[in-house]
Amino acid sequence: MEAEAELAKGETRAARPSFTPAPARKPLGQGFKTPLSHRLAEWAIRVVAFAAILAIVLIFVVIAREALPLFFDAEAQDEIGGLDALLFARVWPGYDEASHIWQPVGEIPKLNVIPLLTGTLKVTVLAMLGSTPISFLAAIYVSQYAGHRVREVLKPAIELLASVPSVVLGFFALVVLASAVQSLFGTTYRLNAFVAALGLSLAIIPLVFTIAEDALRAVPRELSSAALALGARKHQVILRVILPAALPGLAAATILGLGRAIGETMIVLMASGNAAVVDLFDPTSSARTITATLAAELGEVTPGDPHWRVLFLLGTVLFAFTFVLNRVGAGIIDRLGRRLRAEAR
Amino acid sequence: MSTPSEPPKRSTLLPTRTPAGDRALHAASLAAVALVTISLFAIVGKVLWEGVPVLSVEFLTEAPSSDLLGGGILPSIYGTVLLTLLMTVCGVPVGIATGIYLAEYASHRSRTASLVRAAVQNLAGVPSIVFGLFGLGFFVMMVGRGLDDALYPGEGPVWGQPAVIWSALTLAVLTLPVVIVTTEEALRQVPTELRAAALGLGATRFQTTFKIVLPNAAPGILTGVILAVSRGAGEVAPIIFTGAANFLPYLPTDARDMFMHLGYHVFALSTQSPNVDSARPFLFATVTVLLALTFGLNLTAIVLRNRARRRHTP
């Protein structure tokens with residue numbers, strides 16, 4: 001890139017009238033024109049490069065468009081019992097007290113999203129609590145303690161774990177982990193939030209580990225060398241010098257891990273039990289997450305139904321939430337990268 | 001490293017706390033690594049242990065019986081391969097072009113380039129089920145129905161229904177970031193001297209990019225393509241509504257056909273089968289095939305990438 005800039009500079013210098021006043025000689029590079037086909041191909045590349053932007057905008061527009069009529073269509077609102085029925089408890093016919101119920105199929109569709117939100121929150125928080133400490137510790141080992149050879153084996157191994165399809169992790173949680181958890185803890189339900197969180201951790205750990213390890217390794221050597229020279233022990237260097245210096249990177253790792261945990265579908269769909277209950281604090285009860293609801297129900301709804309619209313609304317919320325998390329996480333990493341590059345100069 | 005039996009002189013020089021903390025952190029971090037690697041081995045080991053004995057030539061080359069509890073998984077293997085092939089054809093050229101733009105054409109301070117990068121980062125973080133909603137809402141219902149209205153007005157749905165082409169296009173969008181990021185990285189690893197030499201010899205920028213830079217970055221780009229294929233082959237959530245079928249008595253030969261899929265097969269059989277116990281051997285064997293596919297692809301990618309990196313570091 002720099003050399004190219006040099007070249008460009010050279011060209012402009014050649015094009016400028018030089019100190020010899022004789023203008024008879026053509027400046028270098030003026031006799032040659034880039035062929036039209038080359039320029040066309042280059043323009044095609046520039047246009048195609050917008051595909052990613054187009055995709056992200058299109059995803060949002062398409063999903064939001066399906067959800068939007070919910071807010072303007074009085075008939076659709078009536079069918080679900082008013083917009084406030086989405087969030088607030090209500091005394092449904094046949095029930096004694098006000099309750100949050102997600103029961104989209106039936107004479108009166110009950111589309112209260114609170115059970116889905118609590119289910120998502122429960123599984124996600126459990127998975128994050130389990131996976132972040134393990135990921136950080138593993139990142140500390142690989143970046144600070146492991147020798148070169150060991151690292152060359154460990155990093156690909158953990159990358160390999162990241163490449164296991166989530167349906168395989170879901171299957172493993174469903175068939176193996178669920179039975180193991182039940183026989184160990186004697187849980188009432190074989191499939192529950194805890195099993196789903198275990199499976200989910202397997203998906204998040206490689207992601208959080210990789211980002212955290214990069215962050216720990218990006219801490220300038222001078223810092224740890226200085227601390228070691230002052231007589232600090234290795235663990236003191238790690239805990240008081242390297243970790244604080246890598247804190248933004250670790251935060252980014254957590255945020256991106258959280259985004260992945262909220263958005264993961266197959267594992268929770270297969271292992272969480274999928275009962276829509278409002279029970280935030282019992283890990284051994286079942287949970288129905290937003291993603292699992294979408295995967296399980298969208299195939300059976302008639303397009304345009306209020307239920308269909310609510311599902312797309314959930315999808316929009318999911319998209320928006322993960323979008324913000326990713327923006328924040330990626331922003332932190334970008335800023336760090338720029339700072340490190342600036343320091344290197 | 002330091003034990004209590006060390007000469008006291010040194011410990012007075014270094015008035016630090018007991019190294020127990022050091023040992024504790026070392027042990028804890030080692031335990032975490034061990035836990036992660038053991039989990040990986042546990043998953044792979046358990047799947048192979050129960051899956052490999054069930055594998056046979058018939059299992060790989062026969063169609064399943066209609067209750068999915070007998071026969072083989074040929075349609076699922078075929079469907080997965082067909083899907084990823086279509087996905088690669090549709091998505092990879094776009095990804096590579098974007099990578100070329102970011103690495104070769106966009107300037108460092110280009111606003112457009114940073115916007116494209118941000119979009120790529122965000123695209124990589126969109127939950128896979130949201131891609132499923134997008135595929136259904138956009139490809140099946142907008143593009144497909146639009147084609148039907150234009151080409152076959154008044155007839156039943158021809159394009160406007162779940163089909164392998166819509167699943168492939170959805171996955172092409174999903175795997176776009178993988179291709180873009182690896183292509184850009186691979187192009188940036190090509191030494192600038194090569195570009196300077198080509199330009200200096202009078203090649204146009206286009207010739208330099210396509211005849212000099214791109215061939216040199218080929219192994220790295222191939223890595224990205226393989227990673228994208230591996231990712232695409234394993235994703236299930238985006239194809240649930242856009243084309244995957246529970247059971248199909250024929251092999252799809254048309255872009256508008258539905259298809260069977262290894263991952264979807266595992267999902268459907270393990271959650272919707274009335275008789276999970278008798279399905280268990282088949283499930284493990286199917287997972288074995290799926291894991292072999294993704295691991296094989298990923299290991300190839302890792303080896304290729306290491307080779308590509310070594311090539312450009314003198």
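Me: Buried area is the accessible area (1.4 Å probe) that two parts lose on being put together, summed over both. What is the area buried between chain B and chain A?

Reply: This is a predicted model, where local features need pLDDT of at least 70, side-chain atom pairs count only at pLDDT 80 or more, and totals for chains, interfaces and linings use all residues. Residues are numbered from 1 along each chain as written, chains are lettered from A and ligands numbered from 1 in written order, and side-chain values use heavy atoms, without hydrogens and water. Carbon and sulfur atoms give 78% of the buried area. The total is about 7500 Å².

Me: How many residues of chain A are in contact with chain B?

Reply: Contact means heavy atoms within 4.5 Å. On the chain B side, 89 residues take part. They touch chain A residues numbering 83.

Me: Which residue of chain B forms a salt bridge with A:Glu159?

Reply: A salt bridge needs a side-chain nitrogen of Lys or Arg within 4 Å of a carboxyl oxygen of Asp or Glu. The rule finds 1 across this interface. Its closest N and O atoms are 3.2 Å apart. The partner of A:Glu159 is B:Arg305.

Me: Which helix of chain B gives the most to the side that touches chain A?

Reply: Helices here are DSSP runs (H or I, at least four residues), numbered from the N terminus. The top contributor gives 17 residues and spans residues 20-51. That is helix α2.

Me: How many nonpolar residues has the side of chain B that touches chain A?

Reply: Ala, Val, Leu, Ile, Met, Phe, Trp, Tyr, Cys and Pro count as nonpolar, Asp, Glu, Lys and Arg as charged, and the others, Gly among them, as polar. This side has 25 polar and 9 charged residues. Its nonpolar residues number 55.

Definitions and conventions:
Helices (H or I, at least four residues) and strands (E, at least two) are DSSP runs, numbered from the N terminus.
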